[in-house]
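The sequence and structure come before the notes.

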Amino acid sequence: MDQYRAQVYAQLELHSLVDMEPVPRPLDLPLQPLIHSSSSCHLPPALPPPQDDSVTENQRAEPVPLEQPSSHSLDVSLQRSPSDQPLSPSHPSHRAHPEALPYDERPLPAVHKQPGAAVEPEKRDLDTSEAPRAGAVGEPEPLTEKALREASSAIEVLGEALVAQAYSKTWSFREDALLTLYQQLVDTPVGTPKEDLKGLLRAAVFLIRRSIRDIVTPVFQASLKVLKMLLTQYIPKHKLSKLEATHCVERTVPVLLARTGDSSARLRAVASNFIQEMALCKEVRSLQMVPSYLVQPLKANASAHLALSQVALLSRLLRDLGTDSTGFTVENVMTFAVRALQHRVLQVREMAVCVILDLYRQRRSVVLEYLPPDDSTSRKNILFKTIFEGFAEIDGRPTDAEIRAQKRAATEEAEKQKKEEIKALQGQLAALKEMQAGAQEKGSEAAKAKSPDPDGRSAAPRSPPEAAENLGLDNLCIFCGERSAAFTEEGLDLHYWKHCLMLTRCGYCRQVVEIASLTDHLLTECDKRDGFGRCCRCSEAVPKEELPRHVASKDCHPAKPEKLANRCPLCHENFAPGEEAWKVHLMGPVGCAMNLRRTCLLLKAPAPLQGKGPDTAKPGTSALKAGSKIPTPKGGLSRCSGRTYRKR
């Protein structure tokens, strides 16, 4: 019985080694060799199968390694009573005899996988190490002739056992080899000969370079751990030369750069961060080697992940290292970046733009030599347009978008002010039209009252001169009293805006106001009214910043009460009270000298014709002769006014 049991275990071990399943499980399918042997030897079915079933049940209950002695299982099988040995057809042991079932009812190999197995999809050799990680004791497979030739130098220094672990197909052996190498490097005494130290370092770099390519994450991370220890502890501790550090960098950095294009984002990030950390290390930074690998042109067939990782890593190191004796120069960085602008991947092109802008912050004028001129042709390319606008932003100059926005805002503000001014003028014209309509209504009522005589007969027809002088009320200026056939709706607006002697434009808000009410306008209605104050002596509006000096100087002419005299805000003189006195002062020949509309018209008026009296003028050309209510002698004032308005 013991001999048979030993034979069965030997067959199970052989079956585990040559099993062709994708994920082998030594605890599954334990009875297949037993069935073959029992069928060939015609053994009694009562004794061996139940004993083997008990062993199988114990193995499934607790994971006991196959290499352990079988005395415990033997005792358990011997203690079982004969009544417990027969099994029903539904017992799980039938699942251990797949060949005893019909072909169509046999279970697939995937059924035999344990539910607790953890498999990483991207690691093809991770499952082959589940048995050793579960506690099975084993040795790595021996090295092949090719591996012996390839790793001969490392075997001389580290030994064949350690190298065999590093070359094993089981990832746990490979990881253990790196951890053992790490501890061996840490424990190396300081007084070791230099040649031995150099040989150990080169052997370690050989295994690290191989392990960096490993697709299993723990092995890859263990290789980075050993490499970091070499650069930061081993070389400084033993005071090795730069030649050894150079050997470490030039043998590992290209492989690490290749891993930055890995399909796993986590591995890409780990590789990129380690290269950046390595480049900033004091022992490696002085070599200026890592930047020289990063500025190499991107290959056309390189993956998008690899190209993007290389450009991003260059951008980060350029900020950290700069271009002063670091391996980065304006020439090699700009040559790389300009070529990267033509890459097929959008993210790579955008990252190249960031590299150019970062370099421009450090070396401004030199960068422009590698770019096309900033003109409309270059700006048709969206990348160059982004670059040039970034330059403007760095220099503090407004970009094209900002200039367009400023012009648009200025245009909108000008249009807004124009609309407001038009709206204000329209309001003033509406008020003037209302006043004119009221005056016309009063005039029409007075005309109707005078037209019939006491007997009810119509009044006598007016003479032609009187009919000419009395044009319609629509042709009357209600401020100066002038009548003209040109005073249509548009003509009156033009007359109010430019020519009426009784009106003026405010110099601060550009509104048309009556000269008689200019002081009140500046104090209560003007947009700048907050900047004016009233003088207590002359009662005129004075800018507030000049008011203290104006009051203190006492140079202004004192004003009289309104019932005694009017006060002109233009010439600052007092004159007779009443509304008609305003017309005499502003429109008369010896009136206000500061009324610019009056002085301009007087300068433009022609000299009077000799031998002709005032009545020789054509009817309708005299403004005040026909409709004026100014109580002045007939002649000089009317003739002067007539000549003035004829030449407007």
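In this predicted model, helix 10 (residues 194-212) packs with helix 12 (residues 242-259) at an angle of about 5 degrees. Their axes are 10 Å apart. Angles under 35 degrees count as roughly parallel, and helix 10 and helix 12 are therefore roughly parallel to each other.

**Contact of helix 10 with helix 12**

- Helix 10 contributes K198, L201, R202, V205, I208, R209 and I212 to the contact.
- From helix 12, the contact takes in E244, H247, C248, R251, T252, V255, L256 and R259.
- By class, the residues of this contact divide into 7 nonpolar, 2 polar and 6 charged.

**Nonpolar cores**

- The largest nonpolar core comprises 92 residues.
- Within this core, the residues with the most contacts are L185, Y234, L256, V290, F328, I356 and F391; among them, L256 also belongs to the contact of helix 12 with helix 10.
- Not counting residues up to four places away in sequence, L185 touches L200, A204, V226, M229, L230 and Y234.

**H343**

- H343 sits in the loop between helix 17 (330-340) and helix 18 (346-362).
- Buried means under 20% relative accessible area, so H343, at 10% relative accessibility, counts as buried.
- A polar atom of the H343 side chain lies 3.1 Å from the backbone nitrogen of V345.
- Leaving out residues up to four places away in sequence, H343 touches L298, A307, V348 and R349.

**Q428**

- Q428 is located in helix 22 (residues 400-450).
- With a relative accessible area of 14%, Q428 is buried.
- Apart from neighbours within four places in sequence, Q428 is in contact with Q511 and V512.

**Chain totals**

- The chain contains 30 helices and 6 strands.
- Of the 648 residues in the chain, 39% are buried.
- Taking contacts between residues at least 6 apart in sequence, 57% join residues at least 24 apart.

Conventions
Residues are numbered from 1 along each chain as its sequence is written. This is a predicted model: local features need pLDDT of at least 70, side-chain atom pairs count only at pLDDT 80 or more; totals for chains, interfaces and linings use all residues. Side-chain values use heavy atoms; hydrogens and water are left out. Axes are lines fitted to C-alpha atoms, for helices over the stretch in contact, and angles run from 0 to 180 degrees between N-to-C directions. Helices (H or I, at least four residues) and strands (E, at least two) are DSSP runs, numbered from the N terminus. Angles under 35 degrees count as roughly parallel, over 145 as roughly antiparallel, 65 to 115 as roughly perpendicular and the rest as oblique. Contact means heavy atoms within 4.5 Å. Ala, Val, Leu, Ile, Met, Phe, Trp, Tyr, Cys and Pro count as nonpolar, Asp, Glu, Lys and Arg as charged, and the others, Gly among them, as polar. A nonpolar core is a set of buried Ala, Val, Leu, Ile, Met, Phe, Trp, Tyr and Cys residues joined through side-chain atoms within 4.5 Å. Buried means under 20% relative accessible area, exposed over 50%, partly exposed in between (1.4 Å probe, protein chains only). A polar contact is a pair of N or O atoms within 3.5 Å; within protein, one must be able to donate a hydrogen and the other to accept it, and residues adjacent in sequence count only if both atoms are side-chain atoms.
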